[in-house]
Amino acid sequence: MNKMTLEKLQLNEFKEMVKVHCVSSLGKDLIDKLSPSKNLSVVKRRLNENKEAKNVLLNSNHIPLEGLFNIYSTIEKVEKGMVLDPLELIKVEDFLRGCKKIKQFMNEKEFYGPTLSSYSLNIAECDFIENEINYSIKGNKVDSNSSKELKKIRRNIEVCEDKIKERLNKFLTSSSNKRYIQEFIISKRNDRYVIPIKSSYKNEVDGTILDSSSKGTTVFIEPNNVSKFSLELIRLRAEESIEEYKILSYLTELIFEKLAEIKLNVEIIGEYDMVFAKAKYSLNNKCVTPLVNNKGYIKIIKGKHPLLKGRVVPLDFEIGKAYRSLIITGPNAGGKTLSLKTVGLLTLIAQCGFDISAEGDTEISVFENIFVDIGDNQSIENALSTFSSHIKNIAEIMNSSNKSTLVLFDEIGSGTEPNEGASLAIAILEEFYHMGCILVASTHYGEIKNFADMHPEFENAGMLFDKETLEPLYKLVIGKSEDSNALFISKKMGIRDKVLSRAELYINKKQYNLELVKKSKIEQKDEVEETYIIKNDYSIGDKVFLLEQDDYAIIHKEADKFNNVEVLYNDEFIKMNIKKIKLYLKASQLYPDGYDINSLFTSYENRKLEKDIKRGSKKALKNIQKEIKNNKLK
């Protein structure tokens, strides 16, 4: 199953809740390894185990799994040829004894759990190993009665130690030695018996110095009269260690011979621990064992997201029969994403073999793949925007999907221009439909809702919203779409009523208020540049505002094909693009009917000509000569 799907739907967090009910790491390890199965028969077997385990729990005082620890590390040592120590052997003995108990218990519960009971038939009873360990190991060490030789050696050790202690006691009670002794006790250093002697008298006492105190005021001396017994004791202890090793090797060999059976026992005990943990979780959380199919049909009755605490609004959901694609709409924070996650997680945990938080007759389909596109996956490292990351994920999902795939999309097509986003989303939804996938998607786009209304195998669903209290109800209703309720939510968040009224007008009629605020000329010029809509309707004589010059002019020639007009400004004719001017007053508003507009410019031309002649302009003289010549020709 896709790793991102498991992370997004929080399957591992759910497993942690179930693992609490395990009694050993054996069951916990199996739950960690448990993954959604694509095989319908495997899922049915897992769910049937839950039913039987719950029956057993309800008809038992307790399950005798206590004390059944994980002995895999001990088994590995045996496989490597290492000899087990007494503590490890006791652990194996406890485990084998526990296996026998659980086998007997499950045999007695065959009526309540026939399948689970049959697993116990494979548990090997290793009574001989259990008895041998019990006989040989007592008090976390090899017992003296485990062999005649060991018993003899230890008796000799006791005799030898008694002789040493007898001589040392005589040394301590001798009045002649009293001044040498630091403390009147028998001590041990390096497993040899010694007397604490004042360091100033260390050369006065016949014996071997084996140690000294940290301050150097005391030395620990083994008197010469016990040296031969100390050497004898060392020899006896070496013999004891050899004999103990023989016994530990013998017991380890017994385990090695039955290693395959013991490993199978470990697997079965781990399975029982996991199954009963699942059953305990189910009973404690009032879960049900769902029906399952592989037809893509999902019907959830009052399902709840298992990770949510407190009062949770249950989810009623269905897909896969009358329609194979569902489009969920509704307000932000209204529960659309939670609905997607609930459907996805309940499907995953059912395929893992867990009971689900729902009511009876709930049915879950087994899928080969479950894919999700939920949340913001933008990547700074790969320079991917939110939209790009979503599309990249969707492309990967599309390449990996087949007809046995559940696809969950949250806010499909969002993050880009709405028209393009909605159109792309519809095309994507169509493609997944043609591939045979079961598809659930949430959206705010009206175009997608309309598409779902028209398509025979798409269905709309909406998250209810209380318009009186302005609160989402977190309840999904299939068969009707819901609005995003952005205006209601905005009202709740404190947006002014007049702003909301204009927004509603714009939504319904698409008529926008383009009036400008009265400001200073500079501010007004900046705003005009940004908001003025370009129109090519200027006439000769119109008074216009020149945006760059921040002044007024008169239109002399109407716009050409390049949208350039000629205006009279400061007694000069200049060309201006209509983007750089704004109409101030039409000529019809400035002059009476029948007024000769051209006279505005003629008088100006004459005045200009006089000025040019006075200053001796050659261009002006040529124009006069040209005009005289033209008049003669006439």
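This is a predicted model: local features need pLDDT of at least 70, side-chain atom pairs count only at pLDDT 80 or more; totals for chains, interfaces and linings use all residues.
Q: In what order do the five strands of the open sheet with antiparallel pairing stand?
A: Residues are numbered from 1 along each chain as its sequence is written, and side-chain values use heavy atoms, leaving out hydrogens and water. Strands are DSSP runs of E with at least two residues, helices are runs of H or I with at least four, both numbered from the N terminus, and two strands pair if DSSP finds at least two bridges between them. The five strands of this open antiparallel sheet follow the order β20-β19-β18-β17-β21.

Q: Which are the edge strands of this sheet?
A: An edge strand here pairs on one side only. From one strand to the next, the twist averages 45 degrees, with angles running from 0 to 180 degrees between N-to-C directions and axes fitted as lines to C-alpha atoms, for helices over the stretch in contact. The edge strands are β20 (572–577) and β21 (581–585).

Q: Which residue of β19 stands opposite isoleucine 554?
A: Strand β18 (residues 551–557) and strand β19 (residues 564–569) are antiparallel partners, joined over three bridges. Opposite isoleucine 554 in this part of the model is leucine 568.

Q: What is the phi of aspartate 191, which is not a glycine?
A: Most residues other than glycine have a negative phi. Aspartate 191 lies in the loop between β3 and β4 and is partly exposed, with a relative accessible area of 42%; the partly exposed class falls between buried (under 20%) and exposed (over 50%), using a 1.4 Å probe and protein chains only. Its phi is positive, at about 65 degrees.

Q: In which loop is glutamine 10 found?
A: Glutamine 10 also has a positive phi of about 65 degrees although it is not a glycine. Its relative accessibility is 25%, so it counts as partly exposed. Glutamine 10 is found in the loop between α1 (3–8) and α2 (11–19).

Q: Why is strand β12 described as largely enclosed by the rest of the structure?
A: In a regular strand, side chains alternate between the two faces of the sheet. Asn369, Phe371 and Asp373 point one way from β12, and Ile370 and Val372 the other way. β12 is largely enclosed because, of its five residues (369–373), those that are buried number five.

Q: Which residue of β13 stands opposite valine 372?
A: β12 pairs with strand β13 (residues 405–409) in the parallel sense, over five bridges. The residue opposite valine 372 is leucine 408.

Q: Which residues does threonine 342 contact, leaving aside neighbours within four places in sequence?
A: Threonine 342 is found in helix α12 (residues 336–352). It is buried, with a relative accessible area of 4%. Its contacts beyond those neighbours are Lys304, His305 and Leu315.

Q: At roughly what angle do the axes of helices α14 and α15 cross?
A: Asn419, Ala422, Ala425, Ile426, Leu429 and Glu430 in α14 meet Glu447, Ile448 and Phe451 in α15. The crossing is right-handed, meaning that the near helix is turned clockwise from the far one by less than a right angle, with anticlockwise being left-handed. The axes of α14 (residues 418–434) and α15 (residues 446–454) come within 9 Å and cross at roughly 30 degrees.

Q: Which element of the protein has the lowest mean pLDDT?
A: The mean pLDDT of the protein is 85, and 85% of its residues reach 70 or more. Strand β11 (residues 363–365) has the highest mean among the elements, 96. Over residues 527–533 the pLDDT stays under 50. The lowest mean, 48, belongs to residues 521–531, helix α18.

Note on methods
Contact means heavy atoms within 4.5 Å. pLDDT is the predictor's confidence in each residue, from 0 to 100.
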